[in-house]
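Please walk me through this model in the viewer, one selection at a time. I would like to know what to select and what is there.

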There are 2 protein chains.
Amino acid sequence: MTMQSEFDLIRAYFTGLGATRADVALDIGDDCALLRPPAGHELAVSIDTLVADVHFFADCDPLALGYKALAVNLSDLAACGATPAWVTLALTVPQFDADWLRNFARGFNDLAVEHGVRLIGGDTTRGPLTITVQAHGFVPIGQGLRRSGAKPGDLIVVSGSLGGAGLALRQLKLKRADPSAPSPLPALLNRLERPIPRLALGQLLRGQASAAIDLSDGLAADVGHLLTASHCGAMIELAQLPLDQPVAAVIAATNEWELAVASGDDYELCFTLPLERLNQLTQYANMAACPLTVIGYVERQPGIRWHQPNGQSWQPERSGYDHFGNEA
Amino acid sequence: MTMQSEFDLIRAYFTGLGATRADVALDIGDDCALLRPPAGHELAVSIDTLVADVHFFADCDPLALGYKALAVNLSDLAACGATPAWVTLALTVPQFDADWLRNFARGFNDLAVEHGVRLIGGDTTRGPLTITVQAHGFVPIGQGLRRSGAKPGDLIVVSGSLGGAGLALRQLKLKRADPSAPSPLPALLNRLERPIPRLALGQLLRGQASAAIDLSDGLAADVGHLLTASHCGAMIELAQLPLDQPVAAVIAATNEWELAVASGDDYELCFTLPLERLNQLTQYANMAACPLTVIGYVERQPGIRWHQPNGQSWQPERSGYDHFGNEA
């Protein structure tokens with residue numbers, strides 16, 4: 001196979017991925033895509049990079065990787081309440097591997113179709129395996145959710161459950177070091193490999209939540225970002241954290257709350273809600289089809305006060321994933 | 001210095017880069033940027049990745065690299081006639097290096113300010129040095145230039161000059177292999193390190209050119225893409241190619257026309273123009289402040305007929321840069 005035909009194949013894999021959209025005037029394949037944003041809306045834009053052996057194992061399932069590369073970006077759109085529309089993909093691969101590329105494209109496509117998203121641009125280069133996705137969505141003008149805006153007295157709410165991705169990653173690492181160690185159970189592995197971008201929830205929260213963020217680095221780091229942007233602090237009750245069951249079991253045995261608040265990769269939404277909207281939480285949860293749990297409230301005093309179930313205070317030893325500090 | 005303060009510094013380097021723009025409702029730093037595209041326009045989007053030791057030397061000047069990472073993307077906007085507005089930057093670096101980051105940011109900022117562009121989003125990760133930039137611009141609805149649209153009889157025009165970046169790269173490689181070899185002269189090195197995105201020209205060509213592309217992989221490959229998209233072929237007179245003087249000297253000595261048509265990294269525009277607009281070329285060149293040269297014309301028959309100055313036909317042995325084939 002000539003080099004030119006390899007490029008032709010790559011183009012074939014990544015042309016026409018995702019949903020067909022009437023607002024795409026010129027699709028992937030030219031120097032630029034040409035797009036028609038809707039009137040009365042702001043364009044929400046987010047870009048994220050996943051690096052092999054930092055954010056994922058280089059030998060992981062490309063189908064899952066294609067899904068996750070898109071999911072983590074859609075999660076950012078969810079956090080601002082946007083309706084997703086277009087994505088671009090910059091993919092750097094060490095060599096041409098038709099099976100790998102086809103499966104990666106399929107995983108990416110599956111989620112894109114599910115959310116009506118079109119792949120409108122890309123660049124494929126040779127080099128160390130790296131994936132950058134940029135997502136574009138819309139919010140009605142002025143209604144985008146932000147990290148700033150939380151007020152003292154607001155409730156702090158998280159969607160879904162925490163810590164499952166972190167525990168799955170820990171088990172995968174153990175298994176790689178010692179092949180006789182157990183593999184993560186499928187449900188737990190799904191928490192790592194197939195995070196659900198909380199798009200419906202984000203859109204419901206427009207005009208309701210006072211601030212929002214998605215949990216990519218871990219609750220401690222990310223709620224910290226939200227509080228810093230809002231010039232507030234918080235009290236959080238660890239006993240209230242929604243935990244995946246295997247996570248709860250580990251914490252019950254070890255009291256290692258970091259597993260829930262500092263492992264990262266949860267991709268749940270964390271938002272603050274004025275107290276008077278507490279009664280609407282059940283409705284949001286039903287409409288968005290995901291659990292919502294109040295875990296604490298916003299306070300005027302900066303910093304986070306973590307309360308343990310026994311009433312004692314607690315501080316995480318690490319606040320979240322740090323690419324320059326931790327090895328994956 | 002703690003890891004957290006390293007991240008704070010990185011954020012500081014990349015916050016507020018480029019021009020201030022009234023259409024940025026929420027700037028870099030939240031989960032998404034929120035942007036207000038102008039009415040009556042299409043959004044033009046392009047994404048490009050530069051990989052260390054594939055697209056540039058890992059130890060190159062970060063100031064020049066920051067400039068170039070943005071320039072090559074703005075060149076894509078130029079090719080579709082767009083007015084640039086917003087860019088995002090996904091930067092993967094092997095370690096925290098304050099000087100490197102500061103200089104990279106400065107080079108990026110200089111060009112962004114020059115073209116009124118704002119850095120509205122980013123992601124900094126640890127890993128092999130890789131830079132992905134996505135640029136966003138506007139074109140009045142329906143006026144974006146495309147690769148398709150060239151018609152038999154149209155003139156083929158290129159801006160600026162060709163081959164200088166390729167010759168500079170060749171000299172740099174020789175110098176790295178043999179330190180006693182001469183360095184590229186500054187003017188030639190500039191052709192490689194500081195390509196000028198032809199934005200003013202691209203905007204002038206809206207509604208005038210029948211098709212356009214920017215020359216990133218080399219004239220042979222890129223005009224090939226344009227002709228394929230337009231379902232045409234072409235005749236090109238090698239004697240008419242605008243060459244950087246040192247390139248002309250090499251070709252005069254070796255007849256190695258590949259240096260001009262297959263080295264890549266020119267970042268000039270190549271466009272096709274209906275014959276009846278020939279008289280406007282001088283005006284475009286004056287208004288865009290760059291040379292424009294007619295190098296051939298579009299023909300019905302697929303493929304490119306290259307004519308040598310002696311009248312004989314010629315075919316390039318390689319058609320352009322191929323990341324999966326050539327080593328940088």
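**The interface of chains A and B**

Select both chains: about 5400 Å² is buried between chain A and chain B, and carbon and sulfur atoms give 58% of that area (buried area is the accessible area, with a 1.4 Å probe, that two parts lose on being put together, summed over both). This is a predicted model, in which local features need pLDDT of at least 70 and side-chain atom pairs pLDDT 80 or more, while totals for chains, interfaces and linings use all residues. Residues are numbered from 1 along each chain as its sequence is written, chains are lettered from A in the order in which they are written, and side-chain values use heavy atoms, without hydrogens and water.

Next, select the residues in contact (heavy atoms within 4.5 Å): 68 in chain A and 68 in chain B. Of the interface residues of chain A, 100% are also interface residues in chain B, so the copies meet through the same surface.

Now show the salt bridges (a side-chain nitrogen of Lys or Arg within 4 Å of a carboxyl oxygen of Asp or Glu). The rule finds 6 across the interface of chain A and chain B. Zoom to B:R36 and A:E42, which form a salt bridge with the closest N and O atoms 2.4 Å apart.

Then select strand β3 (residues 41-51) of chain A, which with 10 residues gives the most to the side of chain A that touches chain B; strands are DSSP runs (E, at least two residues), numbered from the N terminus. Opposite A:V45 stands B:A33 in β2(B).

Definitions and conventions:
Helix = DSSP H or I, 4+ residues; strand = E, 2+ residues; numbered from the N terminus. Pairing = 2+ DSSP bridges.
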